[in-house]
Amino acid sequence: MAAATLVMTGCSAAGPKHTAPPGASASSAAPSAPAAASPTPAPPAAGISATANAGSVAVYGAPGGGIATTLANPLPNGTPLTFLVEETKDGWVKVDLAQRPNGSTGWVRADAVTLRSLAYSLEASTESNQLSLYKNGDLVKTYSVATGTGGTPTPHGHFYLTELLAPTNAGYGPYAFGLSAFSDVLSSFGGGPGQIGLHGTDDAASIGKAASHGCIRLANPDITELAQLLPLGTPITIE
């Protein structure tokens, strides 16, 4: 993705899932009071984001191990440093990292981040050039998109939204999400590190085709809709 100006990062998230207490077993020795109605369980979360609490976050190779890297917060464009959580364990959080190689993970201390439950998730198909929006596992809407060409394919895998920008250069539409994915064939592009974006486009005719350098393009009204809806950390699967 090329240079851009920060506009917003998204902040709303679904509340944590609550588990209803187990019901009391019936007894034939004495009549029991009418059972209280069980609360309606919260819908399952689509994932959990982790936002840095301080000016930097140490990333470890394993819980209690050595520091593999230290990441600054916020990002250079002003976006809060945000991860997608893989698992939690004894005061540690395993997170996906927005770095090469794709699929990189690390561990951070639980007290270094704030966890939030996520309701939305995305699935993109490079075969059908479609992007599907889900809420708590239910399909909400499908968008037609442009994806990478055969020479510059969109990478497949499990990623997340790392930042939301308002591009200052022409061609990228009103908004661009940065993804934790990086091109498998371009080590740099447009002055950046070859990071994959989910963005609008001034080339409406490219939508529905394999036409990009690896980024996922949406019609400008569609990226505007998603920019107002999705928080950072939202997971996206590309197949």
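## Overall architecture

A contact is defined as a pair of residues with heavy atoms within 4.5 Å. Among contacts in the protein between residues at least 6 apart in sequence, 62% join residues at least 24 apart. The model is predicted, so local features need pLDDT of at least 70 and side-chain atom pairs count only at pLDDT 80 or more, while totals for chains, interfaces and linings use all residues. Residues are numbered from 1 along each chain as its sequence is written, and side-chain values use heavy atoms, with hydrogens and water left out.

The protein has 1 helix and 17 strands; helices (H or I, at least four residues) and strands (E, at least two) are DSSP runs, numbered from the N terminus. Of the 239 residues, 41% count as buried. Buried means under 20% relative accessible area, exposed means over 50%, and partly exposed lies in between, with a 1.4 Å probe and protein chains only.

## The largest pocket

The pocket search uses a 1 Å grid over the protein atoms alone: a pocket is an open set of points with protein on both sides within 12 Å along at least five of seven lines, whereas a cavity is a set of points where a 1.4 Å probe fits but cannot get out. Lining residues have an atom within 4 Å of a point. Grid points are joined across faces, edges and corners, and a volume is the space filled by probe spheres set on the points.

The volume of the largest pocket is about 400 Å³. Its lining comprises 17 residues, and Leu75, Pro76, Leu81, Ala98 and Glu163 lie nearest the centre. At least two lining residues come from each of strand 4 (67-72), strand 5 (82-89) and strand 12 (157-167); strand 12 provides the largest share, 3 residues. By class, the lining divides into 11 nonpolar, 5 polar and 1 charged. Here Ala, Val, Leu, Ile, Met, Phe, Trp, Tyr, Cys and Pro count as nonpolar, Asp, Glu, Lys and Arg as charged, and the others, Gly among them, as polar.

Strand 4 is hardly covered, with a count of 0 buried residues among its 6 residues.

Ala72 lies in strand 4 and is the bridge partner of Ser56. The C-alpha atoms of Ala72 and Ser56 are separated by 4.3 Å, although the residues are 16 apart along the chain. Leaving aside neighbours within four places in sequence, Ala72 is in contact with Gly55, Ser56 and Leu81. In the loop between strand 4 and strand 5 lies Pro74, and the peptide bond from Asn73 to Pro74 is cis, with omega near 0 degrees. Gly78 lies in the loop between strand 4 and strand 5 and is partly exposed, with a relative accessible area of 32%. The C-alpha atoms of Gly78 and Leu165, 87 residues apart along the chain, are separated by 9.9 Å.

## Backbone features in other loops

A cis peptide bond also joins Arg100 and Pro101, with omega of about -5 degrees. Pro101 is found in the loop between strand 6 (92-96) and strand 7 (105-109).

Asn129 is buried, with a relative accessible area of 8%.

Strand 10 also pairs with strand 11 in the antiparallel sense over 6 bridges, and the bridge partner of Lys135 in strand 11 is Asp138. This hairpin has 2 residues between its strands, and Asn136 in the turn has a positive phi of about 50 degrees. Asn136 is buried, with a relative accessible area of 17%.

## Nonpolar cores

A nonpolar core is a set of buried Ala, Val, Leu, Ile, Met, Phe, Trp, Tyr and Cys residues joined through side-chain atoms within 4.5 Å. Of the 25 residues in the largest core, Leu131 and Leu198 touch the most other members. Apart from this core lies another, of 15 residues, among them Ala52, Val59, Leu81 and Leu97.

Conventions
Pairing = 2+ DSSP bridges.
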